[in-house]
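Trainee: I have a structure open and want to learn to read it. Where do we begin?

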Amino acid sequence: MSDNEAIDNTQDFFDEASAKEADRSLQLFRAGSSHFGIFTDEIATTIAWREPTPLPHAPKSVLGVVSVHGRMLTVLEVTILAARESAASDTTRAAQQHIIALRGDEQLALAVEALGETVKIADGDLESRTAGTLVLGILHLEGSEINVLNVKELFPAAIQGRERRRRRF
């Protein structure tokens, strides 16, 4: 084997490795009549539906809190958040069947109607959206339009127009 062949093989190895790193797993789900996706590395666990304990004076998109594996999580209604952002009038609550508990300090969970498959996508597969929106991008898969959620925007979207309570010293 010549030095050039060794370099070519090494380059092929790194190209394959970087391609694998670019692939991410996406958990698909349905809430209402809309299809959504969330990256699996942002999910802590998925559980069967439990009725959340309502919070007083909470926005319509906040269903309440539920304990999942010892953590109190705020359960959000995705259909209401998405409808608010798109100015759609279809904001009826879906018949929830599952709760997707998210990773992170904000301790959030999503109420979903049906879980779908987990698919691998590359960064280039998403039709990107503007920064600061609830939908990170749109994935076109088998004739369906899947809204990939921006987890960092879930809490701001839920409390839109309300000031967060802060401790005062």
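Trainee: Is R24 buried, partly exposed or exposed?

Mentor: Keep in mind that this is a predicted model. Buried means under 20% relative accessible area, and exposed means over 50%. R24 has 28%, so R24 is partly exposed.

Trainee: Which residue forms a salt bridge with R24?

Mentor: Start with the general idea. Side chains of opposite charge can pair when their charged atoms come close. Here the partner of R24 is D41, with the closest N and O atoms 3.0 Å apart. R24 sits in strand β1, while D41 is in the loop between β2 and β3, 17 residues apart. D41 is partly exposed too, at 46%.

Trainee: How many salt bridges does the whole structure have?

Mentor: A search finds 2. R30 and E113 also meet in one, at 2.9 Å from N to O. That pair links strand β1 to the loop between β7 and β8, 83 residues apart. R30 is partly exposed, at 29%.

Trainee: What about S25: buried or exposed?

Mentor: Use the cut-off again. S25 has a relative accessible area of 19%, so S25 is buried. S25 lies in strand β1. Its side chain makes a polar contact with the side chain of K120, at 3.3 Å. Other contacts of S25 include I38, F39 and V119.

Trainee: What is the strand order in the sheet of 5 strands?

Mentor: Read across the open sheet: β3-β6-β7-β5-β4, with mixed pairing. β3 and β4 stand at the edges with a single partner strand each, so one side of each has no neighbour in the sheet.

Trainee: In which sense do β6 and β7 pair?

Mentor: Antiparallel, over 4 bridges. For example, H98 stands opposite V112 in β7.

Technical notes:
Residues are numbered from 1 along each chain as its sequence is written. This is a predicted model: local features need pLDDT of at least 70, side-chain atom pairs count only at pLDDT 80 or more; totals for chains, interfaces and linings use all residues. Side-chain values use heavy atoms; hydrogens and water are left out. Two strands pair if DSSP finds at least two bridges between them. Helices (H or I, at least four residues) and strands (E, at least two) are DSSP runs, numbered from the N terminus. Buried means under 20% relative accessible area, exposed over 50%, partly exposed in between (1.4 Å probe, protein chains only). A polar contact is a pair of N or O atoms within 3.5 Å; within protein, one must be able to donate a hydrogen and the other to accept it, and residues adjacent in sequence count only if both atoms are side-chain atoms. Contact means heavy atoms within 4.5 Å. A salt bridge is a side-chain nitrogen of Lys or Arg within 4 Å of a carboxyl oxygen of Asp or Glu. Lists of a residue's contacts leave out its neighbours within four places in sequence.
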